[in-house]
Each structure stands twice: as structure tokens, then as C-alpha cells.
Amino acid sequence: MDALKTGQLIREIRTERGMSQQALAELLHVSPTAVSKWENGHSLPDISLLEDLSAVLGISISEIVIGERNAEPMKTEAQETAVISVIEESVRQRRKHMLRWIVTTVLACAAMAGLVILLTVVGFPAKQDQILVRTEIQNNETGNPEWVIHFETKDGRSLYAWTEPAGIPSEDEESLVSGRRIHLRRAPLLHANPGSFTWGYSIENGQAPSDSYDFTVIVEYADGEVTYSMREEGLFD
């Protein structure tokens, strides 16, 4: 059974009868898309529709199967062969639809799994307007001054963050200023940390700010970055 020949015949007779794809689809209780696919040779009518399609178009099942108008009625053996070919094509089409459904389902499950991982392991980047920031100077346990930046969400949600060393270009862009980059995230669902995040710099472990030395912190938000300079804060004056 040739899908292209059968489709062309269906289109030809439908057009001659002044019938739209929508009208033919309604008579056969299928979608207009199914009729379009038949006529374009992308699929074949299901074997269960051949009798109704024959009656609606006014042609024999033999003509539909062979794809030619006024085809001679098929003999029993030829008819049997043609019907078998229709069944095989129908099975192929169903397998193709099933495979497409399986692939779509697998992709959807993978997307959902990715979302679950994002929610439970990584978390979402925090926007700046969602975060309250407080910068202060305090003494640590050994009595040394410590620069502390405290972050918390406005809605009480936990924060998740990690830091890494960063070299920030100086104002004259001729050297790099020592610093730290803070990657700030709204905490994932399984994150057990408290509802806030605090970062600190102690001069016990680093240098105090001076005319020749500064320490800079870059906070990475979802909608941009904010830079804090230890010298500009003036906390060690």
C-alpha cells in the first residue's frame, strides 16, 4: 500500500466532492490533522476506517488500498495481501506514535528530574531586591577586628552560598585587588543551614586596609553584581 498514492486519491476525490478536510474528518470521527497526514502521504488510514472511508468517498476499498481510481476489484489472494500490507503499515504507524510518546515522556521526566535537582540540591540565584544586607565591624574571639557582611532573605527563606578567591582590577586597572566572590542562592529545599548567611574577614588572617591595600567582596545576584570595598566601608578607620 503506497501512502502517497492513497493520499493523493483521497485528496482528489474529497476535492471533487467539494468536501473540506474538516468535513471528512467529522464524518470519519478523526481529527483534520489525521486527514491532512493521509493526503500528504505521511500516514495511512487505520484499517478500521477503510469501510467508512470507502462509503464516504464513493469508491471501493480496492481503490483506496491500491491508490488508483477505477481499480479492478481485487481477487481474494490480492485482497488478502493488500489487507495484510494495510495492517502492517498500521502497526508501523502505531509503533511510531508509541515511540514518539515514550521519547516525549522520557524527556518530560528528565526535565522534571532536573527541576527536582535544581530545587533540592542547587537552589535558585537570589535577586538583589529579595535580600537584606548588613555590613558591620565586630571583634572576633581573639579580640581582632573582623569585617562582617550579613545576608538574609526578606521572606525568611534560607540562603545557600559559597565563596571563592577573586582578583578584582584596581581603579587604575594596573593591578589586581585581593578579594572574594560570593555566589548567593536561595537555599534549595533540602538545605539545612539557618535562614541567613554571614561572611567575615578578620585582619588576624589578612591585612588591615591602608592607602596601598584594599580587600573587595563581589556578591553575585541573579540580576547583577554588587561590590563592597573594605576601604570604602571605612570600618577600620
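**Ground rules.** I number residues from 1 along each chain as its sequence is written. Because the model is predicted, local features need pLDDT of at least 70 and side-chain atom pairs count only at pLDDT 80 or more, while totals for chains, interfaces and linings use all residues; side-chain values use heavy atoms, with hydrogens and water left out.

**Entry 1: the helix pair.** I looked up helix α2 (residues 21-28) and helix α3 (residues 32-39). Helices here are DSSP runs of H or I, at least four residues, and strands are runs of E, at least two, numbered from the N terminus. The two helices pack at about 110 degrees, and their axes are 8 Å apart. Axes are lines fitted to C-alpha atoms, for helices over the stretch in contact, and angles run from 0 to 180 degrees between N-to-C directions. So α2 and α3 are roughly perpendicular (65 to 115 degrees). Which residues meet? I found Q21, Q22, L24, A25 and L28 in α2 against P32, V35, S36, W38 and E39 in α3. Contact means heavy atoms within 4.5 Å.

**Entry 2: the sheet.** I found 3 strands in an open sheet, ordered β2-β3-β6, with antiparallel pairing. Strands pair if DSSP finds at least two bridges between them. The edge strands are β2 (131-139) and β6 (196-202). I noted 9 bridges between β2 and β3 (residues 145-153). R134 stands opposite H150 in β3.

**Entry 3: the hairpin.** I then checked β7 (residues 215-221) and β8 (residues 224-229), which are antiparallel and joined by 6 bridges. The hairpin linking β7 to β8 has 2 residues. T216 stands opposite S229 in β8.

Note on methods:
Angles under 35 degrees count as roughly parallel, over 145 as roughly antiparallel, 65 to 115 as roughly perpendicular and the rest as oblique.
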